[in-house]
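Thank you all for coming. Please have a look at the structure on the screen before I take you through a few parts of it.

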Amino acid sequence: MTKDRLLWADDEIDLLKPHILFLEDKGYEVITTTNGQDALDLCREQSFDLVFLDENMPGLSGLETLNAIKEFLPSLPVVMITKSEEEDIMDQAIGNKIADYLIKPVNPTQMLLTIKKNVHKDEIILDATTTSFQQNFVKLNQQINESGTWEDWIDVYKKIVHWELELDQTKTGMDDMLKQQKVEANNLFSRFIRKHYIDWIDHPESRPLMSPDLFKTKVFPLLDSGEKVFFILIDNFRFDQWQVIKRLLGDQFNIDENIYYSLLPTATQYARNSIFSGLMPLQIQEMFPDLWVDEDEEEGKNLNESPLIQTQLDRFRKKYDFTYNKINNNQTGEKLMTKVKSMLNTPLNVVVFNFIDMLSHARTESKMIRELASTESAYRSLTESWYKHSAISEIFDFLVEHHVKIILTTDHGTIHVDNPIKIIGDRNTNTNLRYKVGKSLNYDPKQVFEIKDPNKHGLPSPNVSSTYIFATNNDFFAYPNNYNYYATYYKDTFQHGGISMEEMLIPFITLEPKKK
């Protein structure tokens, strides 16, 4: 096994022999020199895993040597050792991206700790993550099999997402174990939804928080207490994607994190319209027929969101003014930034961001985007990159400065599908791959969740004999005609509309700016 190689540059290196012997006894190869120039030459000629640099050496100082090393070896960890505690020297060293900073006299344990932190960090984390995952795998399996309430399933999904993110950071080789565990969890979750969903719709007093409940239970109480609220909805925003953005917000906000259940179908036309109206889709169609667009109509399905918000305000006798903005690209985002200050005078501001939904569609249609978001991890990474460079980040920074409360949520999530199942429908059947509604659907009832009497359970019926069916697990619907082509084309894409933890268990986050 190759030893890790350390370079130590100090003009008093002879006095440090006990430290060197200690490190050699721990298995390290230690190369020494007494000046900065020799340290530079050695770094050019040989390979090192870490460099210790004395700050106060004759000739080239430690800082000058550090700068020179970083020019040609920017990723090499360099630890500065100095007698001085002057803040200016520390700032310069930190500004030049030192790995650590030690004050003389240093002891061997300090040095060993900084070596482990900078040379062995990944393998230590790998070992710890592997051990922890192995210990929790059986417990999580047991929890999945015993989950019997909607609260149980939220807890299961949170734990699965936690391990997805943990395994993202390390190459433990256990990703496939977790994927299989999630498949089994989704299988049992789908059974749970089949058993309880209709009862939730028929008896809303005993159900979990769902799409039509958000404004009544979460938004209106804030407005009634005098808060100004920015309600920001990111279309197609999953709980795991929230987690990667959450890491960027902890310094700015106190975060109240919740998960709620999207209604079915987990699609914008139904779920988002339900949020903004506070009604089930059938109620929207019956009470406001001009604001509901049927499946077979060509008109856009989410063009009436602002009027739907107004109907909910009116129904609950709320006199609050509100603004509504939809952001589809950077240009509209920049335009919003020019007026966000004036929006502070309005009690409720609703902003819809469509990027992630557009990303999932683009990934299906574009080979390049499919390469960029080839895995769940890459999909999360693209979400994080979008957040950092989009108008939403600027808006959050602005709202922090003005101490405005933010609700961040979504209408539904999306799932990575890979298993086509055959279905037959007439030409009026909708095109969504995770749910179908039609009057003459032919399918295997064991493979789907079906609602045969939609009107009884809050869904419109385009025809008297309409049935809704929902895909579960990682399935998607494909027609027998050109089956192989479409099965191949849509396999390994992200879709929504059906039943899975990723689609139905979605974030509802309250962000309160921290007081400075």
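Before I point to a particular pair of residues, let me say that two strands are taken to pair if DSSP finds at least two bridges between them. With that in mind, and remembering that this is a predicted model, we can turn to strand β15, where T467 stands opposite G438.

The sheet around that pair is an open one, made of three strands in the order β13-β15-β14, with antiparallel pairing. Because β13, which covers 435-438, and β14, which covers 448-451, stand at the edges and have a single partner strand each, one side of each is left without a neighbour in the sheet. From one strand to the next, the twist averages 15°. As for the bridges, β13 and β15 are joined by four of them, and four bridges also join β14 to β15, which spans residues 467-471.

How covered is β15? The strand is mostly covered, with five of its five residues buried. T467, I469 and A471 point one way, whereas Y468 and F470 point the other way, and all are buried. Taking T467 by itself, its relative accessibility is 12%, and since buried means under 20%, T467 therefore counts as buried. Leaving out residues up to four places away in sequence, T467 touches K436, V437, G438, L441, Y443, I451 and K452.

In soluble globular proteins, nonpolar side chains tend to be buried together. Here the largest nonpolar core has 105 residues, of which Y197, F231, Y261 and F396 touch the most other members. There is also a second, separate core of 19 residues, and L42, C43, L53 and M80 are among them.

Finally, a word on two helices. Helix α9, residues 214-224, packs against helix α13, residues 305-315, at an angle of about 80°, with the axes 12 Å apart. As angles of 65 to 115 degrees count as roughly perpendicular, that is how α9 and α13 stand to each other. F215, K216 and F220 of α9 make the contact with I309, Q312 and L313 of α13, and the residues of this contact divide into four nonpolar, one polar and one charged.

Methods. Residues are numbered from 1 along each chain as its sequence is written. This is a predicted model: local features need pLDDT of at least 70, side-chain atom pairs count only at pLDDT 80 or more; totals for chains, interfaces and linings use all residues. Side-chain values use heavy atoms; hydrogens and water are left out. Axes are lines fitted to C-alpha atoms, for helices over the stretch in contact, and angles run from 0 to 180 degrees between N-to-C directions. Angles under 35 degrees count as roughly parallel, over 145 as roughly antiparallel, 65 to 115 as roughly perpendicular and the rest as oblique. Contact means heavy atoms within 4.5 Å. Ala, Val, Leu, Ile, Met, Phe, Trp, Tyr, Cys and Pro count as nonpolar, Asp, Glu, Lys and Arg as charged, and the others, Gly among them, as polar. A nonpolar core is a set of buried Ala, Val, Leu, Ile, Met, Phe, Trp, Tyr and Cys residues joined through side-chain atoms within 4.5 Å. Buried means under 20% relative accessible area, exposed over 50%, partly exposed in between (1.4 Å probe, protein chains only).
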